[in-house]
Amino acid sequence: GFNNLGNIFLKLGRPDSAMYFYKSAIPYYRENNDNEGFCEIYLGMAKIFLQRHQADSFLYYAKLSFATAKNSSLTNYLLATSKFLAGYYQSVRNVDSAFVYLSATIVAKDSLFSQQKANEIQSMNYNEATRQQQIEDARQKERARLKQDGFIAGIAALRIVAFILYR
């Protein structure tokens with residue numbers, strides 16, 4: 001959508017075009033209540049304002065992205081925005097604010113790491129359950145085959161006995 005075009009133009013070094021597409025996306029995200037989209041466009045707009053050395057606008061949109069991510073539990077955007085803000089505050093030597101956003105970065109990274117580990121464990125449990133089910137299915141097939149082989153052997157033995165008795 002518009003935010004992707006904004007991101008592309010921002011990377012191409014065309015901030016005016018990027019800003020146009022970011023602003024064009026706002027009504028769409030408002031209509032769909034898409035906080036993830038808002039986080040992305042607010043962060044993009046903040047980057048443009050930082051390039052233009054408009055600190056007030058930069059901080060407004062960066063903090064808006066951060067607050068939206070935090071209130072919506074969008075950890076990946078919380079991480080991106082907190083890193084961005086921490087870097088800015090480090091560059092202007094505002095240690096207190098840099099510390100706040102570096103701390104938020106660490107919390108977001110830990111959360112993403114925990115989510116990733118939980119997903120890996122869940123995947124391992126699913127894979128193990130699937131493997132155990134495959135083993136049980138193979139056992140049942142083997143039992144059925146042995147049972148069938150025994151039945152066939154029994155019929156063959158009866159035929160031999162019948163052949164011998166009625167000969």
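Predicted model: local features only at pLDDT ≥ 70, side-chain atom pairs only at ≥ 80, totals over all residues.
1. A residue is called buried here when its relative accessible area is under 20%. By that criterion Tyr88 is buried, and Tyr89 is buried as well.

2. Overall architecture. The chain contains 6 helices and 0 strands. Read from the N terminus, the order of elements is α-α-α-α-α-α. Of its 167 residues, 29% count as buried. The accessible surface amounts to about 11,700 Å², and carbon and sulfur atoms account for 57% of that area. As to contacts between residues at least 6 apart in sequence, 48% join residues at least 24 apart.

3. The nonpolar core. The largest nonpolar core has 35 residues, of which Tyr22, Ile41, Met45, Phe58, Leu85 and Tyr89 touch the most other members. At least two residues of this core are supplied by each of α1 (2–11), α2 (15–32), α3 (35–51), α4 (55–71), α5 and α6 (95–165). Helix α3 gives the largest share, with 9 residues. As general background, nonpolar side chains in soluble globular proteins tend to be buried together.

4. Met45. Which residues does Met45 touch, once those up to four places away in sequence are set aside? The partners are Met19, Tyr22, Lys23, Ile26 and Tyr61. Among these partners, Tyr22 is, like Met45 itself, one of the core residues that touch the most other members.

5. Leu59. This residue lies in helix α4. Its relative accessible area is 18%, so Leu59 falls under the 20% limit and counts as buried. Apart from neighbours within four places in sequence, Leu59 is in contact with Leu85, Tyr88 and Tyr89. Of these, Leu85 and Tyr89 are listed among the core residues that touch the most other members. Leu59 and Lys47 are 12 residues apart along the chain, and their C-alpha atoms are separated by 9.7 Å.

6. Ser82. Helix α5 (residues 75–91) holds Ser82. Is this serine buried or exposed? Ser82 has a relative accessible area of 0% and is therefore buried. Residues up to four places away in sequence not being counted, Ser82 touches Phe66, Tyr101, Ala104 and Thr105.

7. Aromatic pairs. The structure holds 12 aromatic pairs. One of them is formed by Phe2 and Phe21, which are stacked with 6.1 Å from centre to centre and 25 degrees between the planes. Because Phe2 lies in helix α1 and Phe21 in helix α2, this pair ties together parts that are 19 residues apart in sequence. A second pair joins Tyr88 and Tyr89; with ring centres 5.3 Å apart and planes at 65 degrees, the pair is edge-to-face. The limit for that class is an angle over 60 degrees. Both Tyr88 and Tyr89 are also contact partners of Leu59.

8. Aromatic cluster. Which residues do ring pairs link into a cluster? The members are Tyr28, Tyr29, Phe38, Tyr42, Phe49, Tyr60 and Tyr61. Of these members, Tyr61 is also touched by Met45.

9. Nonpolar surface patch. Phe2, Leu5, Ile8 and Leu12 make a nonpolar surface patch of about 370 Å². Phe2 is found in helix α1. The relative accessible area of 39% makes Phe2 partly exposed, and a residue needs over 30% to be part of such a patch. Phe2 thus belongs to this patch and is also in the stacked pair with Phe21.

10. The salt bridge. How many salt bridges does the structure hold? There is 1. It is formed by Asp16 and Arg52, whose closest N and O atoms are 2.5 Å apart. Since Asp16 lies in helix α2 and Arg52 in the loop between α3 and α4, the pair ties together parts that are 36 residues apart in sequence. Asp16 is exposed, with a relative accessible area of 59%, while Arg52 is partly exposed, at 33%. In general, side chains of opposite charge can pair when their charged atoms come close.

Note on methods:
Residues numbered from 1 in each chain as written. Heavy atoms only, no water. Helix = DSSP H or I, 4+ residues; strand = E, 2+ residues; numbered from the N terminus. Buried < 20%, exposed > 50% of the residue type's maximum accessible area, 1.4 Å probe, protein only. Contact = heavy atoms within 4.5 Å. Areas by Shrake-Rupley, 256 points an atom, 1.4 Å probe, with all protein chains shown as cover. Core = buried A, V, L, I, M, F, W, Y, C linked by side-chain atoms within 4.5 Å. Patch = residues over 30% accessible without salt bridge, like charges linked within 9 Å, V, L, I, M, F, W, Y side chains within 5 Å. Salt bridge = Lys/Arg side-chain N within 4 Å of Asp/Glu carboxyl O. Phe/Tyr/Trp six-rings, centres within 6.5 Å; stacked < 30°, edge-to-face > 60°.
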